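Good morning, colleagues. Please look at the sequence and the structure on the screen, and I shall then take a few of its features in turn.

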Amino acid sequence: MRRPAQHEEIPMRALRKPAPGPGLELQEIPEPSPGFREVKIRVLRTGLCGTDLHLAGWDEFAAAQLNPPMTLGHEFYGEIVEIGRGTATDATTADDDTDYLSIGQRVSVEGHITCGRCRNCRAGRRHLCIRTNSIGVNRDGAFADYVVVPARNVWPQADEIDPDLGALFDPFGNAVHTALQFPLAAEDVLVTGAGPIGVMCAAIARHCGARNVVITDLSDYRLSLAAKVGAVTVNTAQQDLREVMTSLGMTEGFDVGLELSGAPAATRQMIEVCNHGAKIAMLGLPKAGYEVDWNQVITHMLTIQGVYGREMYDTWYKGSFMLGSSRELRDQIRGIITHRFAPEEWSQAFEAARSGQCGKVIINWED
(Lines give C-alpha, C1' and ligand atoms only; values in the text may rest on other atoms or scores of the structure.)
Protein backbone atom coordinates (compact mmCIF):
# COMPACT_ATOMS: atom_id res chain seq x y z
CA MET A 1 0.00 0.00 0.00
CA ARG A 2 1.32 3.48 -0.90
CA ARG A 3 2.66 5.54 2.02
CA PRO A 4 1.40 9.14 1.88
CA ALA A 5 3.23 12.36 2.47
CA GLN A 6 3.48 13.75 5.99
CA HIS A 7 0.13 14.86 7.48
CA GLU A 8 -1.77 13.14 4.66
CA GLU A 9 -4.43 10.72 5.90
CA ILE A 10 -3.55 7.09 5.17
CA PRO A 11 -6.44 5.19 3.57
CA MET A 12 -7.23 1.58 4.37
CA ARG A 13 -9.95 -0.91 3.47
CA ALA A 14 -12.62 -1.56 6.09
CA LEU A 15 -15.81 -3.61 5.93
CA ARG A 16 -18.34 -1.43 7.74
CA LYS A 17 -21.93 -1.05 8.74
CA PRO A 18 -22.40 2.52 7.47
CA ALA A 19 -25.88 3.08 8.90
CA PRO A 20 -28.67 1.20 10.69
CA GLY A 21 -30.24 -1.47 8.48
CA PRO A 22 -29.22 -4.55 6.51
CA GLY A 23 -26.01 -4.64 4.51
CA LEU A 24 -22.32 -3.75 4.71
CA GLU A 25 -19.92 -1.68 2.61
CA LEU A 26 -16.22 -2.10 1.90
CA GLN A 27 -14.99 1.46 2.32
CA GLU A 28 -11.74 3.39 2.40
CA ILE A 29 -11.25 5.14 5.73
CA PRO A 30 -8.21 6.58 7.53
CA GLU A 31 -5.92 4.20 9.39
CA PRO A 32 -6.45 4.33 13.18
CA SER A 33 -3.77 5.39 15.65
CA PRO A 34 -3.19 3.70 19.02
CA GLY A 35 -3.97 5.57 22.19
CA PHE A 36 -2.77 5.01 25.76
CA ARG A 37 -2.00 1.31 26.33
CA GLU A 38 -3.25 0.37 22.88
CA VAL A 39 -1.54 -1.28 19.94
CA LYS A 40 -2.12 -1.04 16.21
CA ILE A 41 -2.24 -4.37 14.36
CA ARG A 42 -1.90 -5.08 10.65
CA VAL A 43 -4.64 -7.62 10.04
CA LEU A 44 -3.62 -10.75 8.13
CA ARG A 45 -6.62 -13.07 8.55
CA THR A 46 -10.15 -12.74 9.87
CA GLY A 47 -12.82 -15.34 10.51
CA LEU A 48 -16.56 -14.95 10.03
CA CYS A 49 -18.71 -15.61 13.07
CA GLY A 50 -22.45 -16.03 13.54
CA THR A 51 -22.41 -12.67 15.31
CA ASP A 52 -21.16 -11.04 12.09
CA LEU A 53 -24.10 -12.54 10.19
CA HIS A 54 -26.54 -11.10 12.72
CA LEU A 55 -24.91 -7.67 12.53
CA ALA A 56 -24.86 -7.67 8.73
CA GLY A 57 -28.53 -8.72 8.54
CA TRP A 58 -29.56 -6.18 11.19
CA ASP A 59 -31.83 -8.24 13.43
CA GLU A 60 -33.00 -7.28 16.93
CA PHE A 61 -29.64 -8.23 18.44
CA ALA A 62 -27.78 -6.02 15.97
CA ALA A 63 -30.09 -3.06 16.50
CA ALA A 64 -29.64 -3.32 20.26
CA GLN A 65 -25.83 -3.70 20.22
CA LEU A 66 -24.40 -1.79 17.25
CA ASN A 67 -24.17 1.97 16.78
CA PRO A 68 -23.15 2.59 13.15
CA PRO A 69 -20.96 3.59 11.48
CA MET A 70 -18.83 0.67 12.69
CA THR A 71 -16.21 -1.71 11.33
CA LEU A 72 -17.14 -5.33 12.07
CA GLY A 73 -14.91 -8.35 12.83
CA HIS A 74 -13.57 -9.86 16.04
CA GLU A 75 -11.87 -13.15 15.03
CA PHE A 76 -8.44 -12.25 13.70
CA TYR A 77 -4.68 -12.64 13.59
CA GLY A 78 -2.11 -10.03 12.66
CA GLU A 79 1.15 -8.25 13.28
CA ILE A 80 1.83 -5.38 15.68
CA VAL A 81 2.96 -2.32 13.73
CA GLU A 82 2.66 0.46 16.32
CA ILE A 83 2.60 0.61 20.12
CA GLY A 84 0.81 3.31 22.09
CA ARG A 85 2.36 5.01 25.11
CA GLY A 86 2.03 3.25 28.43
CA THR A 87 2.23 -0.21 26.88
CA ALA A 88 4.69 -2.65 28.47
CA THR A 89 7.54 -3.50 26.09
CA ASP A 90 10.16 -4.78 28.56
CA ALA A 91 10.89 -4.94 32.28
CA THR A 92 11.54 -1.20 32.48
CA THR A 93 8.08 -0.33 31.20
CA ALA A 94 6.18 -3.26 32.72
CA ASP A 95 2.85 -2.76 34.41
CA ASP A 96 0.59 -5.31 36.07
CA ASP A 97 -1.89 -5.66 33.22
CA THR A 98 -0.21 -6.58 29.94
CA ASP A 99 2.35 -8.91 28.41
CA TYR A 100 5.55 -7.49 26.94
CA LEU A 101 4.71 -6.43 23.39
CA SER A 102 6.92 -5.40 20.48
CA ILE A 103 6.60 -4.26 16.89
CA GLY A 104 6.60 -7.23 14.54
CA GLN A 105 5.00 -9.68 16.97
CA ARG A 106 2.36 -11.96 15.47
CA VAL A 107 -0.73 -12.00 17.66
CA SER A 108 -4.33 -12.99 18.18
CA VAL A 109 -6.67 -10.87 20.27
CA GLU A 110 -9.25 -11.49 22.99
CA GLY A 111 -12.39 -9.84 21.62
CA HIS A 112 -14.07 -9.05 24.96
CA ILE A 113 -12.96 -5.81 26.57
CA THR A 114 -13.63 -5.72 30.30
CA CYS A 115 -14.02 -2.80 32.68
CA GLY A 116 -11.47 -3.79 35.35
CA ARG A 117 -13.65 -2.18 38.02
CA CYS A 118 -16.53 -4.55 38.75
CA ARG A 119 -16.37 -7.23 41.44
CA ASN A 120 -15.65 -10.03 38.99
CA CYS A 121 -12.87 -8.13 37.24
CA ARG A 122 -11.21 -7.17 40.51
CA ALA A 123 -11.46 -10.80 41.67
CA GLY A 124 -9.69 -12.01 38.51
CA ARG A 125 -12.83 -13.28 36.79
CA ARG A 126 -12.79 -10.94 33.81
CA HIS A 127 -14.82 -13.30 31.62
CA LEU A 128 -17.72 -12.53 33.98
CA CYS A 129 -17.39 -8.73 33.72
CA ILE A 130 -20.77 -7.01 33.93
CA ARG A 131 -19.68 -4.22 31.56
CA THR A 132 -18.09 -6.26 28.77
CA ASN A 133 -17.71 -4.54 25.39
CA SER A 134 -16.82 -6.38 22.21
CA ILE A 135 -14.39 -5.58 19.41
CA GLY A 136 -16.31 -5.39 16.14
CA VAL A 137 -19.61 -4.81 17.95
CA ASN A 138 -19.18 -1.93 20.39
CA ARG A 139 -15.99 -0.52 18.88
CA ASP A 140 -14.32 -0.74 15.46
CA GLY A 141 -13.23 -4.26 14.64
CA ALA A 142 -10.80 -6.20 12.49
CA PHE A 143 -12.51 -6.46 9.09
CA ALA A 144 -9.94 -3.93 7.96
CA ASP A 145 -6.30 -3.59 6.99
CA TYR A 146 -5.52 -2.24 10.48
CA VAL A 147 -7.20 -2.30 13.89
CA VAL A 148 -6.42 -0.73 17.26
CA VAL A 149 -7.02 -2.78 20.41
CA PRO A 150 -6.20 -2.56 24.13
CA ALA A 151 -2.73 -3.94 24.83
CA ARG A 152 -4.05 -6.20 27.60
CA ASN A 153 -6.23 -8.02 25.06
CA VAL A 154 -3.30 -9.02 22.85
CA TRP A 155 -2.13 -12.65 22.84
CA PRO A 156 1.35 -13.16 21.32
CA GLN A 157 1.50 -16.34 19.27
CA ALA A 158 4.24 -18.94 18.94
CA ASP A 159 5.87 -19.66 15.58
CA GLU A 160 3.90 -22.88 15.04
CA ILE A 161 0.63 -20.90 15.01
CA ASP A 162 0.22 -19.78 11.39
CA PRO A 163 -2.18 -16.99 10.34
CA ASP A 164 -5.07 -19.37 9.64
CA LEU A 165 -4.81 -21.01 13.08
CA GLY A 166 -4.28 -17.63 14.72
CA ALA A 167 -7.52 -16.32 13.26
CA LEU A 168 -9.36 -19.27 14.83
CA PHE A 169 -8.24 -18.62 18.39
CA ASP A 170 -11.47 -16.82 19.32
CA PRO A 171 -13.83 -19.71 18.40
CA PHE A 172 -11.19 -22.28 19.42
CA GLY A 173 -11.14 -20.54 22.80
CA ASN A 174 -14.91 -20.92 23.03
CA ALA A 175 -14.46 -24.64 22.38
CA VAL A 176 -11.65 -24.97 24.93
CA HIS A 177 -13.69 -23.10 27.55
CA THR A 178 -16.71 -25.33 26.90
CA ALA A 179 -14.97 -28.69 26.59
CA LEU A 180 -12.76 -28.24 29.65
CA GLN A 181 -15.60 -27.37 32.03
CA PHE A 182 -15.48 -31.00 33.18
CA PRO A 183 -12.94 -33.88 33.11
CA LEU A 184 -13.02 -35.73 29.78
CA ALA A 185 -10.47 -38.54 30.10
CA ALA A 186 -12.07 -42.01 29.79
CA GLU A 187 -15.56 -40.47 29.64
CA ASP A 188 -18.30 -40.87 27.03
CA VAL A 189 -18.93 -37.41 25.54
CA LEU A 190 -21.89 -36.18 23.50
CA VAL A 191 -21.51 -33.01 21.41
CA THR A 192 -24.70 -31.51 19.96
CA GLY A 193 -24.14 -29.22 16.97
CA ALA A 194 -21.45 -29.82 14.33
CA GLY A 195 -20.68 -26.22 13.51
CA PRO A 196 -17.03 -25.13 13.72
CA ILE A 197 -17.03 -24.81 17.52
CA GLY A 198 -18.80 -28.16 17.94
CA VAL A 199 -16.23 -29.88 15.73
CA MET A 200 -13.46 -28.17 17.71
CA CYS A 201 -15.03 -29.48 20.95
CA ALA A 202 -15.06 -33.00 19.51
CA ALA A 203 -11.38 -32.70 18.55
CA ILE A 204 -10.48 -31.42 22.03
CA ALA A 205 -12.41 -34.23 23.73
CA ARG A 206 -10.49 -36.82 21.72
CA HIS A 207 -7.22 -35.00 22.39
CA CYS A 208 -7.99 -35.16 26.13
CA GLY A 209 -8.59 -38.91 26.08
CA ALA A 210 -12.37 -39.30 26.04
CA ARG A 211 -13.54 -42.89 25.44
CA ASN A 212 -16.33 -42.26 22.95
CA VAL A 213 -16.98 -38.87 21.32
CA VAL A 214 -20.33 -38.70 19.54
CA ILE A 215 -21.55 -35.59 17.70
CA THR A 216 -25.07 -34.95 16.40
CA ASP A 217 -26.42 -32.59 13.78
CA LEU A 218 -28.92 -32.44 10.92
CA SER A 219 -26.32 -31.48 8.29
CA ASP A 220 -24.40 -34.27 6.60
CA TYR A 221 -21.91 -31.69 5.32
CA ARG A 222 -20.98 -30.52 8.79
CA LEU A 223 -20.99 -34.06 10.17
CA SER A 224 -18.44 -34.95 7.50
CA LEU A 225 -16.10 -32.33 9.00
CA ALA A 226 -16.62 -33.85 12.45
CA ALA A 227 -15.79 -37.31 11.13
CA LYS A 228 -12.38 -36.02 10.05
CA VAL A 229 -11.46 -35.28 13.68
CA GLY A 230 -12.39 -38.82 14.71
CA ALA A 231 -15.85 -38.27 16.18
CA VAL A 232 -18.71 -40.73 15.74
CA THR A 233 -21.30 -38.79 13.73
CA VAL A 234 -25.09 -39.08 14.00
CA ASN A 235 -27.64 -37.35 11.79
CA THR A 236 -30.55 -37.44 14.21
CA ALA A 237 -33.06 -36.99 11.38
CA GLN A 238 -31.90 -40.29 9.90
CA GLN A 239 -30.35 -42.32 12.73
CA ASP A 240 -31.40 -43.44 16.21
CA LEU A 241 -28.89 -42.09 18.72
CA ARG A 242 -29.63 -44.85 21.22
CA GLU A 243 -28.86 -47.49 18.60
CA VAL A 244 -25.51 -45.83 18.01
CA MET A 245 -24.85 -45.83 21.76
CA THR A 246 -25.58 -49.56 21.88
CA SER A 247 -23.24 -50.23 18.96
CA LEU A 248 -20.48 -48.44 20.90
CA GLY A 249 -21.00 -50.66 23.93
CA MET A 250 -22.54 -47.89 26.03
CA THR A 251 -24.92 -49.43 28.55
CA GLU A 252 -25.85 -46.44 30.71
CA GLY A 253 -25.47 -42.99 29.12
CA PHE A 254 -23.13 -40.14 28.35
CA ASP A 255 -20.98 -38.79 31.16
CA VAL A 256 -20.42 -35.34 29.66
CA GLY A 257 -22.58 -33.30 27.29
CA LEU A 258 -21.38 -30.28 25.27
CA GLU A 259 -24.31 -28.33 23.78
CA LEU A 260 -23.30 -26.10 20.85
CA SER A 261 -26.42 -26.06 18.66
CA GLY A 262 -28.84 -23.81 20.54
CA ALA A 263 -31.55 -26.20 19.33
CA PRO A 264 -34.23 -27.13 21.91
CA ALA A 265 -34.63 -30.64 20.50
CA ALA A 266 -30.90 -31.29 20.82
CA THR A 267 -30.85 -30.16 24.44
CA ARG A 268 -33.85 -32.30 25.32
CA GLN A 269 -32.28 -35.34 23.70
CA MET A 270 -29.01 -34.70 25.51
CA ILE A 271 -30.82 -34.69 28.85
CA GLU A 272 -32.55 -37.96 27.94
CA VAL A 273 -29.38 -39.84 26.96
CA CYS A 274 -27.04 -38.59 29.70
CA ASN A 275 -26.21 -40.88 32.60
CA HIS A 276 -27.37 -40.04 36.12
CA GLY A 277 -24.97 -37.49 37.55
CA ALA A 278 -23.77 -36.36 34.11
CA LYS A 279 -22.41 -32.89 33.52
CA ILE A 280 -23.56 -30.63 30.67
CA ALA A 281 -21.83 -27.47 29.40
CA MET A 282 -23.96 -25.19 27.22
CA LEU A 283 -22.52 -22.62 24.80
CA GLY A 284 -25.14 -22.68 22.01
CA LEU A 285 -27.54 -19.72 22.13
CA PRO A 286 -31.20 -20.50 21.34
CA LYS A 287 -33.38 -18.11 19.37
CA ALA A 288 -35.96 -18.07 22.20
CA GLY A 289 -36.69 -19.70 25.52
CA TYR A 290 -37.88 -23.32 25.58
CA GLU A 291 -39.09 -26.02 27.94
CA VAL A 292 -37.00 -28.87 29.32
CA ASP A 293 -37.99 -31.74 31.59
CA TRP A 294 -36.75 -30.35 34.89
CA ASN A 295 -37.97 -33.45 36.74
CA GLN A 296 -35.39 -35.41 34.75
CA VAL A 297 -32.67 -32.85 35.42
CA ILE A 298 -33.38 -32.92 39.15
CA THR A 299 -33.96 -36.64 39.72
CA HIS A 300 -30.98 -37.61 37.55
CA MET A 301 -28.89 -35.02 39.42
CA LEU A 302 -27.52 -33.45 36.24
CA THR A 303 -25.14 -30.50 36.42
CA ILE A 304 -25.77 -27.83 33.78
CA GLN A 305 -23.15 -25.12 33.29
CA GLY A 306 -23.59 -22.09 31.05
CA VAL A 307 -20.48 -21.00 29.12
CA TYR A 308 -19.76 -17.68 27.41
CA GLY A 309 -16.63 -16.50 25.65
CA ARG A 310 -13.24 -17.48 27.01
CA GLU A 311 -11.85 -17.48 30.53
CA MET A 312 -9.31 -14.66 30.61
CA TYR A 313 -6.70 -15.78 30.19
CA ASP A 314 -6.56 -19.36 31.39
CA THR A 315 -8.43 -20.54 28.30
CA TRP A 316 -5.79 -18.90 26.10
CA TYR A 317 -2.96 -20.67 27.93
CA LYS A 318 -4.65 -24.06 27.71
CA GLY A 319 -5.54 -23.61 24.05
CA SER A 320 -2.01 -22.53 23.19
CA PHE A 321 -0.47 -25.43 25.10
CA MET A 322 -2.75 -28.00 23.45
CA LEU A 323 -2.07 -26.73 19.94
CA GLY A 324 1.62 -26.24 20.63
CA SER A 325 2.03 -29.83 21.81
CA SER A 326 0.09 -31.60 19.05
CA ARG A 327 0.59 -31.29 15.30
CA GLU A 328 -2.43 -33.59 14.86
CA LEU A 329 -4.68 -31.20 16.77
CA ARG A 330 -3.30 -28.21 14.83
CA ASP A 331 -4.08 -29.98 11.56
CA GLN A 332 -7.58 -30.92 12.76
CA ILE A 333 -8.44 -27.38 13.82
CA ARG A 334 -6.97 -25.86 10.66
CA GLY A 335 -8.96 -28.41 8.63
CA ILE A 336 -12.22 -26.86 9.81
CA ILE A 337 -11.53 -23.96 7.41
CA THR A 338 -13.40 -24.71 4.18
CA HIS A 339 -13.64 -21.35 2.39
CA ARG A 340 -11.21 -18.46 1.86
CA PHE A 341 -11.95 -15.08 0.29
CA ALA A 342 -10.32 -11.72 -0.40
CA PRO A 343 -11.83 -8.60 1.25
CA GLU A 344 -13.33 -7.54 -2.07
CA GLU A 345 -15.22 -10.86 -2.08
CA TRP A 346 -16.81 -10.21 1.30
CA SER A 347 -20.38 -10.69 0.03
CA GLN A 348 -19.50 -14.18 -1.26
CA ALA A 349 -17.87 -14.92 2.10
CA PHE A 350 -21.03 -13.98 4.00
CA GLU A 351 -23.15 -15.95 1.52
CA ALA A 352 -21.01 -19.04 2.12
CA ALA A 353 -21.28 -18.63 5.90
CA ARG A 354 -25.06 -18.25 5.73
CA SER A 355 -25.46 -21.33 3.53
CA GLY A 356 -24.56 -23.78 6.28
CA GLN A 357 -22.60 -25.76 3.67
CA CYS A 358 -19.29 -24.71 5.15
CA GLY A 359 -16.97 -25.00 8.07
CA LYS A 360 -15.05 -21.86 8.96
CA VAL A 361 -14.93 -19.01 6.44
CA ILE A 362 -11.73 -16.93 6.35
CA ILE A 363 -10.99 -13.53 4.76
CA ASN A 364 -7.34 -13.03 3.80
CA TRP A 365 -6.38 -9.35 4.23
CA GLU A 366 -2.93 -9.96 2.73
CA ASP A 367 -4.62 -10.27 -0.70
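Does Ile 298 count as buried or exposed? Ile 298 counts as exposed because its relative accessibility is 59%; buried means under 20% relative accessible area, exposed over 50%, and partly exposed in between, with a 1.4 Å probe and protein chains only. Before going on, I note that this is a predicted model, in which local features need pLDDT of at least 70, side-chain atom pairs count only at pLDDT 80 or more, and totals for chains, interfaces and linings use all residues. Residues are numbered from 1 along each chain as its sequence is written, and side-chain values use heavy atoms, with hydrogens and water left out.

Ile 298 belongs to helix H10, residues 294-299 (a DSSP run of H or I, at least four residues; strands are runs of E, at least two). Together with Trp 294 and Ile 304, Ile 298 makes a nonpolar surface patch of about 330 Å² (nonpolar side chains joined within 5 Å, from residues with over 30% relative accessible area and no salt bridge).

I turn now to Ser 219. This residue sits in the loop between strand S12 (212-217) and helix H7 (220-227). Ser 219 is buried, because its relative accessible area is 15%. A polar atom of its side chain lies 3.2 Å from the backbone nitrogen of Arg 222. Leaving aside residues up to four places away in sequence, Ser 219 touches Asn 235, Gly 356 and Gln 357 (heavy atoms within 4.5 Å).

Finally, the domains. An automatic or database assignment sets the bounds: domain 1 covers 11-57 + 107-171 + 337-364, and domain 2 covers 182-306. Their centres, taken over C-alpha atoms, are 29 Å apart. In domain 1, 9 residues are in contact with 7 residues of domain 2.

Definitions and conventions
Patch = residues over 30% accessible without salt bridge, like charges linked within 9 Å, V, L, I, M, F, W, Y side chains within 5 Å. Areas by Shrake-Rupley, 256 points an atom, 1.4 Å probe, with all protein chains shown as cover. Salt bridge = Lys/Arg side-chain N within 4 Å of Asp/Glu carboxyl O. Polar contact = N/O pair within 3.5 Å; in protein donor to acceptor, adjacent residues only side chain to side chain.
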